[in-house]
2 protein chains.
Amino acid sequence: MKARVFVTLKSGVLDPQGAAIGSALDGMGFDGVESVRQGKVFEIEMTETDRDAAQERLDAMCRRLLANTVIEDYSVELG
Amino acid sequence: MKARVFVTLKSGVLDPQGAAIGSALDGMGFDGVESVRQGKVFEIEMTETDRDAAQERLDAMCRRLLANTVIEDYSVELG
């Protein structure tokens with residue numbers, strides 16, 4: 001089973017990298033960009049075929065390694 | 001309008017970071033992980049309300065700044 005895991009900064013957390021990209025876009029003439037926030041995506045292939053079990057295992061991976069839940073949110077999309 | 005832009009390495013390009021995460025997961029007891037590839041996601045808020053115009057502008061942003069199209073693929077999801 002394929003899955004995508006998104007890890008993004010929580011909304012209250014400053015994202016200087018996203019802000020830099022936003023102002024770079026603005027400087028290149030892309031007006032109308034209100035905000036940019038950068039996150040990570042992990043494309044994971046697993047042998048697990050049961051959706052519930054896969055979801056549970058991916059949640060555990062996020063909590064233990066992929067996301068820092070103090071400052072980051074994560075979401076899982078099963079393929 | 002909100003959009004999400006995904007930037008991932010092309011399939012032929014080595015991803016040592018993803019491989020390291022895969023073996024870390026394996027070492028933590030998460031068996032059954034076949035592969036991990038890491039990419040970037042950009043959450044962009046734009047004032048543009050026309051979907052076609054937004055898509056076109058986001059394509060241009062990807063080609064000019066967000067993605068290195070020699071080694072990376074990108075995809076755009078409008079919210």
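Predicted model: local features only at pLDDT ≥ 70, side-chain atom pairs only at ≥ 80, totals over all residues.
Close-up 1. Thr8(B) is placed in strand β1 of chain B. Apart from its neighbours within four places in sequence, Thr8(B) is in contact with Val41(A) and Glu43(A) from chain A, and with Gly39(B), Ile71(B), Glu72(B) and Asp73(B) from chain B.

**Close-up 2. Helix α2 of chain B and its buried residues.** Helix α2, residues 51–66 of chain B, has 16 residues, yet its end C-alpha atoms are only 19 Å apart, short of the 22 Å that a straight helix would reach at 1.5 Å a residue. Its buried residues are Ala54(B), Leu58(B), Ala60(B), Met61(B), Cys62(B) and Leu66(B). These buried residues pack against α1 and β2 of chain A, and also against β1, β2 and β3 of chain B.

**Close-up 3. The interface of chain A and chain B.** The contact takes 32 residues from chain A and 32 residues from chain B, and the two chains bury about 3,100 Å² between them, with 60% of it on carbon and sulfur atoms. Between the chains, twelve residue pairs are counted in polar contact. On the side of chain A that touches chain B, β1, α1, β2 and α2 of chain A each supply at least two residues, and the largest share, 14 residues, comes from β2(A). By class, this side of chain A has 16 nonpolar, six polar and ten charged residues.

**Close-up 4. A salt bridge between Asp31(A) and Arg57(B).** Side chains of opposite charge can pair when their charged atoms come close. Here the side chains of Asp31(A) and Arg57(B) meet in a salt bridge, at 3.2 Å from N to O. The pair crosses between chains, from the loop between α1 and β2 of chain A, where Asp31(A) lies, to helix α2 of chain B, which holds Arg57(B). Asp31(A) is partly exposed, with a relative accessible area of 47%, and Arg57(B) is partly exposed as well, with a value of 26%.

Close-up 5. Glu77(A) forms a salt bridge with Arg4(A), their closest N and O atoms being 3.3 Å apart. Because Glu77(A) lies in strand β3 and Arg4(A) in strand β1 of chain A, this pair ties together parts that are 73 residues apart in sequence. Through shared partners, salt bridges join Arg4(A), Glu77(A), Arg4(B) and Glu77(B) into one network.

Note on methods. Residues numbered from 1 in each chain as written. Chains lettered and ligands numbered in written order. Heavy atoms only, no water. Helix = DSSP H or I, 4+ residues; strand = E, 2+ residues; numbered from the N terminus. Expected span 1.5 Å × (residues − 1). Buried < 20%, exposed > 50% of the residue type's maximum accessible area, 1.4 Å probe, protein only. Contact = heavy atoms within 4.5 Å. Buried area = accessible area lost by both parts, 1.4 Å probe. Polar contact = N/O pair within 3.5 Å; in protein donor to acceptor, adjacent residues only side chain to side chain. Nonpolar A, V, L, I, M, F, W, Y, C, P; charged D, E, K, R; others polar. Salt bridge = Lys/Arg side-chain N within 4 Å of Asp/Glu carboxyl O.
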